[in-house]
Amino acid sequence: MLDKTLAELAQGLATGEFSSVELTQHYLDRINAEDGTLNSFITVTPEQALAQAEAADQLRAAGSAGTFTGLPIAHKDIFCTQGVRTSCGSKMLDNFVSPYNATVVEHFNQAGAVSLGKTNMDEFAMGSSNESSFYGPARNPWNTDCVPGGSSGGSAAAIAGGLTPGATGSDTGGSIRQPAALCGITGLKPTYGRVSRYGMIAYASSLDQGGPMARTAEDNAMMLNVMAGFDPKDSTSLDRPVPDYTLTLNDSLKGLKIGLPKEFFSGEIDPQITTQVQNAIREFEALGATVQEVSLPNTHLAIPAYYIIAPAEASSNLSRFDGVRYGYRCEDPTDLEDMYKRSRGEGFGEEVKRRIMVGTYALSEGFYDAYYKKALQIRRLIQQDYVNALSEVDIIMGPTTPHPAFKLGEKNADPISMYMEDIFTISLNLAGMPGISVPCGFANQLPVGLQMIGNYFAEERLLNAAHQFQQATDWHKQTPGQ
Amino acid sequence: MEWEAVIGLEIHAQLATKSKIFSGASTAFGAEPNTQACAVDLALPGTLPVFNGEALRMAVLFGLAIDAEIGYTSVFDRKNYFYPDLPKGYQTSQLFHPIVGTGYVDITLDDGTIKRVGVTRAHLEEDAGKSLHEEFPNMTGIDLNRAGTPLLEIVSEPDMRSAEEAVAYVKKIHAIVTNLGICDGNMAEGSFRCDCNVSVRYKGEEEFGNRTESKNINSFRFIEKAIKGEIIRQIDILEDGGHITQETRLYDANKDETRSMRSKEEANDYRYFPCPDLLPIVIDDDYVNQVRATLPELPDARKARFLEQYKLSDYDAMVLSAYRDLSHYFETVANTAGDAKLAANWVMGELSKLLNQNDTDIKDSPVSAEQLGGLLLRIKDNTITGKIAKQVFEAMWAGEGSADEVIESKGLKQVTDSGAIESMVDDVIAANQPQVDQYVNAEPDKRGKMIGFFMGKVMQASQGKANPGQVQGLLKQKLDALADG
């Protein structure tokens with residue numbers, strides 16, 4: 001059952017091969033057995049999961065089960081879950097039990113899904129390795145000396161390790177796609193506004209987007225069917241009909257125009273990754289696609305622009321964590337200022353504090369025009385690059401990351417080299433378009449991700465292309481050696 | 001050299017929406033602490049704001065009422081600072097692109113001249129909660145019921161030159177927002193409050209002096225006192241060779257003085273930037289025209305109409321046109337009684353007196369406009385005298401019935417029987433021989449004034465019920481006969 005997909009498990013539940021309670025117990029046992037090593041969960045909720053599973057089985061017995069009824073998943077600990085600790089990977093929220101459900105969580109509950117628990121993540125989603133988590137790093141199931149990527153590293157590790165068949169993630173600069181690539185699974189960052197952000201603890205509001213993570217594109221489509229849609233509680237969510245993403249998975253790729261941005265195949269990139277990505281593209285050609293070169297000339301500006309905009313928004317978004325109403329409060333504050341300083345100084349980790357300081361600086365009087373305003377101008381240029389390229393081709397393809405998973409601790413001392421791991425993913429958040437990472441081979445026995453990027457609301461086309469690729473290849477079926 | 005004050009005002013008007021500007025929680029005043037604060041108002045992790053379109057409509061209505069530019073694209077910005085009653089650590093406001101741009105209001109000065117005061121802008125923002133320092137020893141309580149209540153911040157140009165002008169401006173804005181029905185105007189509850197920016201300079205100078213800002217003053221009287229006090233304080237300092245520190249000051253109504261809160265150096269860097277959780281508000285001509293169509297008659301227009309339609313004095317027209325409820329009451333009385341001048345006198349006189357004495361809003365007046373009109377009809381048809389009418393009115397106020405019922409039950413009907421009046425007049429003349437002699441011996445042109453004495457005596461004898469016109473006529477006739485005889 002380790003490598004079973006959500007689609008296959010749904011089939012098993014439908015045919016009565018196993019019950020949801022049995023299935024849920026299987027994953028709870030896996031978590032018990034393996035998560036001591038992987039540390040992919042911050043909170044496991046066995047009682048709630050089994051109760052949900054039981055309810056799902058009853059629903060099925062009553063003949064009113066839907067596609068997702070009884071399927072276990074996990075939620076990144078950035079999504080608020082009613083009655084369950086929602087820590088966002090931070091000491092600041094270690095004691096925070098959410099009194100409400102995020103819209104995404106509510107959607108899965110409505111669909112009858114079973115929640116196994118909350119997955120590990122970089123603190124407040126700030127990181128590319130899961131090492132900034134207050135709960136310690138999750139580990140890469142392919143090599144437990146390696147990071148699983150981040151910030152949705154717990155979700156990716158749990159799926160790759162067979163501890164859950166699917167999990168939610170969030171992607172602000174690559175936080176779904178990068179860990180998906182490093183752990184050899186499939187993860188989709190939808191168009192900004194496609195999935196509600198309500199109840200997903202904000203890091204950088206104009207970039208954050210929740211999305212699915214699972215073994216296959218088909219599973220991603222099943223999950224996106226549940227997650228996507230307009231939410232009146234999120235002013236930035238878009239009021240557009242949601243298609244059934246599973247219906248177009250088998251469309252032909254004949255005539256699909258693929259663009260390869262030259263900027264994604266140059267610079268500091270592991271040659272094994274380039275080779276695997278090129279092999280994957282030949283596979284698409286075999287499926288009837290045509291390939292041409294495109295240019296995203298402002299790619300080199302994406303990381304500097306991102307590291308102004310995201311910290312600026314974060315510095316404001318994280319102001320609510322002040323020790324006043326919930327979350328961590330320092331012991332015996334002497335006065336208000338002392339309470340603020342020590343609660344925040346002790347409650348936040350190093351990377352979070354670094355970004356709050358960077359963002360505070362960038363928004364300060366006298367610096368706003370030079371930093372924040374300039375970064376917004378660059379953001380428009382980058383967006384225009386994508387619009388231009390996607391007027392010539394249907395899908396842009398390239399590597400998801402420049403390197404495979406790196407060792408724990410390897411990049412900790414050098415934040416900039418850590419930031420550079422997001423070079424191929426980060427610009428897409430600035431542009432707001434959807435992107436998916438699918439497994440396309442290995443480098444040094446570690447998974448390699450192929451990134452596919454489409455125009456606004458091209459999730460159907462991306463999932464279709466990814467699914468067709470997965471029909472022709474078996475990279476996504478590989479599991480870490482036992 | 002003569003000093004001149006330069007005053008600019010920032011008025012915070014709470015908009016009378018049912019729910020908050022970014023959440024569905026109620027805005028009602030006076031609930032138990034924190035019972036009207038939802039997840040969004042508490043700034044729980046993950047919560048997001050959703051803009052209340054009713055606040056937009058109200059802001060646009062105000063913009064149209066002061067003939068202002070309307071911001072067809074307005075944007076919410078975050079104003080970042082830490083304070084315990086500011087749950088998100090930022091206030092959502094509009095800095096760069098406000099919903100209302102430049103406009104103006106006209107105020108009437110004491111000498112009757114009209115002065116135009118510029119409105120720089122008006123923008124939407126959310127109110128903060130309240131810190132309660134007194135209830136808990138050594139601790140501060142936080143009540144977030146008010147957090148997220150929509151505010152319209154109305155910023156004036158530094159066009160005012162005296163405390164009186166400032167108060168006239170504040171009253172004008174108060175009258176406009178209450179007439180529009182977008183603010184209840186309740187200053188005691190903080191629904192309408194004012195920050196006063198004051199500086200002084202030598203008259204004729206172009207440059208502004210350093211200014212101070214006195215915050216959150218919540219009555220017309222305190223505004224006047226705070227500004228007057230601040231002008232004197234600044235002039236005293238400057239005349240002693242001192243320097244005015246640019247700072248925020250707090251007006252203490254108990255001590256009637258302002259004191260320093262924080263200086264410019266201690267001021268926050270608010271790090272404004274566009275709120276990424278809210279989309280820009282984009283409106284078009286259709287929307288603006290729809291709102292325009294709902295504009296009610298405003299005080300200036302109504303005053304002009306009152307002057308024209310009811311031939312009121314300028315002062316009466318100004319007072320009676322200022323507030324919708326008052327205007328409506330007056331017009332109903334005037335139309336019922338068929339006498340606008342009499343209606344104006346009664347509404348501004350007896351009615352206002354009792355409303356003030358009982359601290360009652362005109363909406364809650366125990367005597368309805370129709371009832372007061374009915375009373376005035378009885379004066380006009382000589383059923384009662386004006387003096388008796390006051391007695392009847394007080395009985396009506398006390399709930400003793402309509403004018404006719406009170407007149408009937410108390411037997412207050414005017415005496416118009418000329419025989420009865422004549423005998424009272426004769427009695428008074430007979431009983432006051434010294435005054436009669438004075439009258440007879442006086443120059444004819446002085447006699448008119450002297451008749452008042454006899455009037456009073458006769459009215460007293462009739463318990464106020466004698467028809468004053470008849471009494472006067474008879475007195476004059478009889479006294480003149482004595483004089484000429």
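Me: Which residues of chain A does the UniProt annotation "active site" cover?
Reply: The unreviewed entry lists K76(A), S151(A) and S175(A). UniProt positions follow the numbering used here, feature names are shortened, and annotations may be inferred rather than shown by experiment. The model is predicted: local features need pLDDT of at least 70, side-chain atom pairs count only at pLDDT 80 or more, and totals for chains, interfaces and linings use all residues. Residues are numbered from 1 along each chain as its sequence is written, while chains are lettered from A and ligands numbered from 1 in the order in which they are written.

Me: Why is K76(A) called buried?
Reply: A residue is buried if 20 or more other C-beta atoms lie within 10 Å of its own, exposed if 12 or fewer, and partly exposed in between, with C-beta atoms placed from the backbone. K76(A) has 33, so it is buried. K76(A) sits in strand β2 (residues 72–76) of chain A. Strands (E, at least two residues) and helices (H or I, at least four) are DSSP runs, numbered from the N terminus.

Me: Why does S151(A) count as buried?
Reply: S151(A) has 34 C-beta neighbours inside 10 Å, so it counts as buried. S151(A) lies in the loop between β3 (114–119) and α5 (153–160) of chain A.

Me: Which residues does S151(A) touch, not counting those up to four places away in sequence?
Reply: They include M121(A), D122(A), N130(A) and S175(A). Contact means C-beta atoms, placed from the backbone, within 7 Å. With neighbours within four places in sequence left aside, K76(A) contacts residues including T119(A), M121(A), S152(A) and S170(A).

Me: Where does UniProt place the feature "domain: Amidase"?
Reply: The unreviewed entry puts it at residues 22–463 of chain A. That span is 38% helix and 14% strand, and its end C-alpha atoms lie 30 Å apart.

Me: What makes up the largest nonpolar core?
Reply: It has 144 residues. A nonpolar core is a set of buried Ala, Val, Leu, Ile, Met, Phe, Trp, Tyr and Cys residues joined through C-beta atoms within 7 Å. Among those with the most contacts inside it are A156(A), I308(A) and M452(A). Helix α9 (residues 302–317) of chain A gives the largest share, nine residues. Another core, of 68 residues, lies apart from it; I11(B) and Y251(B) are among its members. M452(A) touches residues including I395(A), L462(A) and A466(A), with those up to four places away in sequence not counted.

Me: How many residues of chain B are in contact with chain A?
Reply: There are 25, facing 35 residues of chain A. The chain B side has 17 nonpolar, three polar and five charged residues. Ala, Val, Leu, Ile, Met, Phe, Trp, Tyr, Cys and Pro count as nonpolar, Asp, Glu, Lys and Arg as charged, and the others, Gly among them, as polar.

Me: Why can β3 and β14 of chain B be called paired?
Reply: Two strands pair if DSSP finds at least two bridges between them. Two bridges join β3 (residues 77–80) to β14(B), and the strands run antiparallel. D77(B) stands opposite P274(B) in β14(B).

Note on methods
Contact = placed C-beta atoms within 7 Å.
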